[in-house]
Structures are given as structure tokens and as C-alpha cells.
Amino acid sequence: AGGLAQADVFKYVDATGKVYFTDVPLAGEKLRLEWQRPAAKLIDENKKKLISAGRVQVPSKTTAKQRNRFSSLVSTTARQYQLIPELLHAVIRTESGYDPSAVSSAGAIGLMQLMPGTAARYKVGDIWDPVENVRGGAAYLRDLLDMFDQDLRLALAGYNAGENAVIKYDRQIPPYPETQQYVRKVLQFLWAEQSPVA
């Protein structure tokens with residue numbers, strides 16, 4: 001996942017009514033340019049529509065304050081593991097809501113909700129320490145991305161259900177409602193991180 005494009009978006013319609021969206025102008029007699037808009041403006045408009053429809057959650061003031069508290073740690077760790085900070089923020093927001101003392105019913109702990117076995121695998125000495133917890137989670141996420149050929153959806157599914165579940169289902173998101181919802185939620189938060197509404 002990278003930064004957002006700053007180019008224009010073009011909408012074309014052909015003679016049969018088929019619609020084409022592109023970030024480069026298209027040539028052809030059978031294509032009619034319906035509109036051209038700056039990508040940033042289009043993203044902001046769509047984001048506002050999704051927020052008003054309740055499809056994207058805007059962080060609460062408490063969440064925003066906690067996010068700021070861990071922002072430097074997230075940025076440093078993301079650089080160390082060649083991840084974008086927005087991805088770590090999206091995972092943390094989904095996993096723990098920035099609560100370093102969070103414990104799940106399954107026994108996952110801390111900001112990145114590490115299972116004790118995963119913490120041991122990544123040599124996390126103190127699972128409750130935010131620095132070590134985020135480092136362990138970032139290392140695991142990096143390994144999952146490499147394992148699944150940089151497919152973010154599969155890496156997130158592996159983070160939630162374990163890499164063996166993704167492998168078991170032929171390198172697809174496992175058919176577990178919790179995992180499918182988890183992937184959608186992280187991607188929504190990632191998108192929100194990358195295209196904040198002013």
C-alpha cells in the first residue's frame with residue numbers, strides 16, 4: 001500500500017454504455033469523456049459520502065488522542081519493517097483501539113493484540129510494553145506480507161486467523177466471518193488514515 005495518487009481521474013463512456021475510469025486520458029472515437037476531476041477532490045467527496053452513510057468511522061477524540069500518543073512509535077517501527085505507518089495505525093485501531101492494556105477473550109495482548117506464542121516467536125520480552133508489542137506485531141505483519149506476495153488482504157487475514165488458515169484455504173481469506181470482517185475493517189481504517197477529511 002502506498003500514498004494516494006495526486007493525478008486526475010477520467011470517466012469515459014463507450015457507445016454501449018460501458019463506463020471506464022482511468023488516471024490517464026484515453027483516445028478513441030468510440031469513447032466519450034463524461035468528466036475529469038482531481039483525484040484528491042474525488043477522494044474527499046467519496047469519503048464524506050461514506051462517513052455520512054455510516055460506512056467509515058471517524059476516530060473519536062479519545063482514539064485520536066491515543067493515536068497521537070503512539071504516533072512516533074508507530075512511525076519508527078513502520079520504517080524499521082518497511083511498512084507504511086498508516087497500516088500499523090489501522091491494525092492497532094482495529095485490534096485494541098490504542099489500548100496498551102487490552103486483552104482479548106482468546107488471550108491476545110496489547111496494542112497489536114499479540115498471542116503469547118507469536119510474541120515468543122518474535123522474541124518480544126515484555127508483551128505489555130507498547131514498544132515491544134508494536135515491534136512484534138510489525139515484524140509478524142512484514143513476514144505475512146512477504147509470505148503472501150505483498151497481498152495485503154491475505155496478510156491481514158493471516159494476522160487475524162493465522163497464516164496456516166490462509167494456506168489451508170488455498171491462499172484465500174478463510175471463510176470465517178470474524179476474519180472477513182476484520183480484513184474489511186482494517187482496510188476501511190487504512191483508507192481513512194490515507195485520506196483524512198479536513
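## Tyrosine rings and a predicted fold

Tyr159 is buried, with a relative accessible area of 8%. Here buried means under 20% relative accessible area, exposed means over 50%, and partly exposed lies in between (1.4 Å probe, protein chains only). Tyr140 counts as buried too, at 6% relative accessibility.

This is a predicted model, in which local features need pLDDT of at least 70 and side-chain atom pairs count only at pLDDT 80 or more, while totals for chains, interfaces and linings use all residues. Residues are numbered from 1 along each chain as its sequence is written, and side-chain values use heavy atoms, with hydrogens and water left out.

Now look at the rings. A pair of aromatic rings is described by the distance of the centres and the angle of the planes. Rings of Phe, Tyr and Trp (its six-membered ring) pair if their centres lie within 6.5 Å; planes under 30 degrees apart count as stacked, over 60 as edge-to-face, and the rest as tilted. By this rule there are 4 aromatic pairs. One of them joins Tyr140 and Tyr159: the pair is tilted, 5.5 Å centre to centre, with 35° between the planes. Tyr140 lies in helix H5 (residues 130–147) and Tyr159 in helix H6 (residues 152–161), so the pair ties together parts that are 19 residues apart in sequence. The rings of Tyr169 and Tyr176 have centres 5.9 Å apart and planes at 90°, so that pair is edge-to-face. Tyr169 is partly exposed at 29% relative accessibility. Tyr176, at 31%, is also partly exposed. Tyr122, Tyr140 and Tyr159 form one aromatic cluster.

Helices (H or I, at least four residues) and strands (E, at least two) are DSSP runs, numbered from the N terminus.

Charges meet rings as well. A charge sits over a ring if NZ of Lys or CZ of Arg is within 6 Å of the ring centre and within 35 degrees of the ring normal. The charged end of Arg93 sits over the ring of Phe189, 3.8 Å from its centre. Arg37 has its charged end over the ring of Trp35, 5.4 Å from the centre.

Next, the backbone. Tyr98 is not a glycine, yet its phi is positive, about 70°. Tyr98 is found in the loop between helix H3 (85–95) and helix H4 (116–121). Tyr98 counts as buried, at 1% relative accessibility.

Last, confidence. pLDDT is the predictor's confidence in each residue, from 0 to 100. The chain averages a pLDDT of 86, and 84% of the residues score at least 70. Where pLDDT is low, the predicted coordinates should not be read in detail.
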